[in-house]
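Student: Could you show me how to read burial and strand pairing in a protein model, step by step?
Tutor: Let us look at the structure together and take the features in turn.

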Amino acid sequence: MATTLENANPTIFLQKTEREVLPDEENEDVVDKIDEREEHLIRSINDPEHPLTLEQLNVVEQSLVEVDDANNYVKVQFTPTIPHCSMATLIGLAIRVQLLRSLPERFKVDINITPGAHASEDAVNKQLADKERVAAALENTHLLEVVNQCLTVRH
């Protein structure tokens, strides 16, 4: 049985170059701040529907990442490629898992759909903000397998 893609012909955007290393980051005597440039942690996440990254689909972008290192807070807004994307919750879950695995435990992570970008924005945001639902989703071995596939670097 063939499955049809929701967005069979997505627009593909150019990928950024590697994350620029600042002089202070090369200095071993200076503690590196966590800032918006940590967006590199999520831009290489694979889209669950296409063999493309979230960056290539412009689902994530640095301007929609807020980091407050002093207050241990990260907020990411992401923009699904179509307003009725059924994969939006899975994409948000993959972003959350990647950040939780990559950032120090002290950080609170909020993941939301960019306002006005999805027909079920409020429902998806509510699911992504519910710690119990996220934990339950990650206990589902099939769902965790799909999330891990999104997080696997493809060459």
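Tutor: We begin with a cut-off: a residue is called buried if its relative accessible area is under 20%, and exposed if that area is over 50%. Please keep in mind that this is a predicted model.

Student: In which sense do strand 1 and strand 2 pair, and over how many bridges?

Tutor: They pair in the antiparallel sense over 4 bridges, and within strand 2 it is Lys 75 that stands opposite Glu 66. The hairpin that these two strands form has 4 residues between the strands, and there Asn 72 takes a positive phi near 55°.

Student: Which residues of helix 4 are buried, and why do they line one face?

Tutor: In helix 4, residues 121–129, the buried residues are Glu 121, Val 124, Asn 125 and Leu 128. Seen down the helix axis, these buried residues fall within an arc of 100°, so they line one face of helix 4. The face turned away from that buried side carries the exposed residues Asp 122 and Lys 126.

Student: What do the buried residues of helix 4 pack against?

Tutor: They pack against strand 2, helix 3, strand 3 and helix 5. For the protein chain as a whole, buried residues make up 41% of its 155 residues.

Notes. Residues are numbered from 1 along each chain as its sequence is written. This is a predicted model: local features need pLDDT of at least 70, side-chain atom pairs count only at pLDDT 80 or more; totals for chains, interfaces and linings use all residues. Side-chain values use heavy atoms; hydrogens and water are left out. Buried means under 20% relative accessible area, exposed over 50%, partly exposed in between (1.4 Å probe, protein chains only). The arc is that of the directions from the helix axis to the C-beta atoms. Contact means heavy atoms within 4.5 Å. Two strands pair if DSSP finds at least two bridges between them.
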